Amino acid sequence: MSLGGFILKNALRNKRRSFLTAGSVAISMFLFVTLQVALREMTIPPEDVSASLRIAVRNKISLANTLPARQLPAISRLPGVAVITPFTFFGGKFKDDDSLGFAQFGVDPEKFLRLFGEAKIPADQLAEWKKTRDSCIVGKDTAKRYGLKIGDRVTLVGTIFPVDLELKIAGIYEGTIDDTNMWFHHKYLDEAMNNWGKVGMWWLKAENAGVVPDLLRRINAEFASTSAEVRAETERAFQMSFVSMWGNISLLINSICTVVVFTLALVTASTMSMAIRERFRELAVLKALGFRRRQLVACILAESLGLALAGALIGVGGAAILFSSGKFSFFPVFELTPRIAGLAFLIGGLLGVIAMLAPARSVSRMSVVQGLKTLD
Amino acid sequence: MNRIVSIRELSKIYGAGETEVRALDKVSLDIESGEFLALMGPSGSGKSTLLHIIAGIDRPTEGECQVQGVDVAQLNESELADWRNQNVGFIFQTFNLIPVLTAAENVELPLLLTGLATARRREMVATALDLVGLSDRSRHLPGQLSGGQEQRVAIARAIVTDPSLIVADEPTGNLDAHSAEGVLEILRALSCEVQKTVIMVTHDPRAASQGTRSLHLEKGRLLPELRDQRSAL
């Protein structure tokens, strides 16, 4: 028998309690990881070079208000605009999926790749999309999730718009931060809505980063005091303002995480104290046999850390497996990053250390004689 | 015979002022190597306290306690732990085996601190279990053993490091007469045949009669002793 084997046998001596302790850590760490991943997904800034040049133009009143299509020429001729496209969220339901399983946007296919250059799509598929008015391209994640193939016809049932759209899949793209979206011809939506003449937003790309501040100011000024005042902002600013609609979600999520971890620390510490108190006499015997104080503390630490880290491993591992299975498509990329996983393990480790502090202190201060007098 | 324990004017006082309790009161005692000493006395007479101080798990308030020439009261806690591991074997009334470890693993516990190779440890464990007649129970958990067998495992644990001193606190207190006889026989053999010094605290005159000497304590003081009681009987 090794010292490690001895510690393991002690840790598992009350299997139900060990399982419940590790289980509570596992569930809490799963919750922690899920919340942190969700928070990251909501607040992650776009990192590619194109994103720094992209500008979102929306109705100044709110994102839900539309903009007149006639604004296009006025924005296009502003100095510094490289490319511009209408950008309208359709929000249709696909098949019997009650949730909006993926987002659909009406855009100008001729401008799409110039604006979102990170999207990778074979040239023949892009050409087919551009030339076919009722076609669309779909992200590879959504294509995989619904088993969609090129040539398939899909129907999007309008939930915001009073029309349904029948679309033919012309291509499948990948390489963006969110390979779940579907893109179709804005003109097709316009026609379906009997020449609607409006857009949800404008998305444009500046010629270079230097012109962005001036361009933002010019766009806002162009439509000031009109019936459709706009708010132009960078992609990052737009994303952050979008997130701000959720309220201070970051504070809320971090508060929940703190409460979860604090509660768990109390539960784990209480369990470890109980487990050690039950073995006071045995620990006194070990002291009598020659185990030093620091060796006993190390054994308790190893036991406590082992249970906490096993729980963290189950929780984080479970989250990693679940998120990588693609079942969480609510967020574009539900990715468990090494930083979040590391943080969860660090918290698991700290829980293990915190949980052993009180029992270790008691054992350190216990004399052999006093320990031997402890009742079983 | 070599003197293994030398105690001079040893006192142990608990509490202070009105609540002061003098558990040991200026006790002086010499114990020779290979002796099987029985410490007797009523509850609260100080016999267990004396045993604990000799074994290095308690410290005296006054006086000197030398074991194999080492003043155990002068050792710090870590030194004392090492000293106990190398020099003292413990046997308790309630056996105090670890319930999740097999008999062999319980016996191996003190050896985990020695740095010996696994094969050597197993060899020593097998020898110790063989000495107490439990080779065939090495894989049993304490819960699967009788009281007498548990105490014999505890004896194997006490002797596995080959200590010169074995302290036993009421080793037969929880056993039936037959099992108690078996345990006493082993302790006697350790004293007579391999020259281990055994100090046993007991209430039982029959158990005490197995020793080479009996000492009686009362109110923390040693009473005049009966020498070589076993040979006298």
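Two strands pair if DSSP finds at least two bridges between them, and the elements themselves are DSSP runs numbered from the N terminus: helices (H or I) of at least four residues, strands (E) of at least two. This is a predicted model, where local features need pLDDT of at least 70 and side-chain atom pairs count only at pLDDT 80 or more, while totals for chains, interfaces and linings use all residues. Residues are numbered from 1 along each chain as its sequence is written, with chains lettered from A and ligands numbered from 1 in the order in which they are written.

Q: Which residue in S9(B) stands opposite B:Leu39?
A: Start with the strands: S3 of chain B covers residues 36–40 and S9 of chain B covers residues 213–218. They pair in the parallel sense over four bridges. Within S9(B), the residue facing B:Leu39 is B:Leu215.

Q: Which residue in the turn of the S9(B) and S10(B) hairpin has a positive phi?
A: S9(B) also runs antiparallel to S10(B), residues 221–222, with two bridges joining them. One opposite pair here is B:Leu217 and B:Leu222. The hairpin leaves two residues between the strands, and the one with a positive phi, about 50°, is B:Lys219.

Q: What is the order of the strands in the four-stranded open sheet of chain B?
A: The pairing in this sheet is antiparallel. Its edge strands, each pairing on one side only, are S2 (21–32) and S5 (70–71) of chain B. Put together, the order is S2-S1-S4-S5.

Q: Which residue in S2(B) is the bridge partner of B:Ile13?
A: S1 of chain B takes in residues 3–14, and eight bridges join it to S2(B). The two strands run antiparallel. For B:Ile13, the partner is B:Arg22.

Q: What share of the chain B contacts with a separation of 6 or more comes from residues 24 or more positions apart?
A: Chain B has eight helices and eleven strands. Of its 233 residues, 49% count as buried (20 or more other C-beta atoms within 10 Å of the residue's own; 12 or fewer is exposed, in between is partly exposed, and C-beta atoms are placed from the backbone). A contact means C-beta atoms, placed from the backbone, within 7 Å. On that count, the share is 68%.

Q: Which element gives the largest share of the side of chain B that touches chain A?
A: Across the interface, 20 residues of chain B are in contact with 18 residues of chain A. The elements giving two or more residues on the chain B side are H2 (77–87) and H3 (103–108) of chain B. The largest share, six residues, comes from H2(B).

Q: How many residues on the side of chain B that touches chain A are nonpolar?
A: For the classes, Ala, Val, Leu, Ile, Met, Phe, Trp, Tyr, Cys and Pro count as nonpolar, Asp, Glu, Lys and Arg as charged, and the others, Gly among them, as polar. That side has six charged and four polar residues, and the nonpolar ones number ten.

Q: Are H2(A) and H11(A) roughly parallel or roughly antiparallel?
A: Axes are lines fitted to C-alpha atoms, for helices over the stretch in contact, and angles run from 0 to 180 degrees between N-to-C directions. The axes of H2(A), residues 15–43, and H11(A), residues 249–277, come within 10 Å and cross at roughly 165°. Angles under 35 degrees count as roughly parallel, over 145 as roughly antiparallel, 65 to 115 as roughly perpendicular and the rest as oblique. That makes the two helices roughly antiparallel.

Q: How are H1(A) and H13(A) oriented to each other?
A: H1(A) spans residues 3–11 and H13(A) residues 293–324. They pack at an angle of about 60°, with axes 9 Å apart. The two helices are therefore oblique.

Q: Is B:Glu170 buried or exposed?
A: B:Glu170 has a positive phi of about 50° although it is not a glycine. The residue lies in the loop between S7 (165–169) and H6 (177–194) of chain B. With 20 other C-beta atoms within 10 Å, B:Glu170 is buried.

Q: Is A:Asn195 buried or exposed?
A: A:Asn195, not a glycine either, has a positive phi of about 50°. Its loop runs between H8 (186–192) and S10 (198–199) of chain A. With 9 other C-beta atoms within 10 Å, A:Asn195 is exposed.

Definitions and conventions
Two residues are in contact if their C-beta atoms, placed from the backbone, lie within 7 Å.
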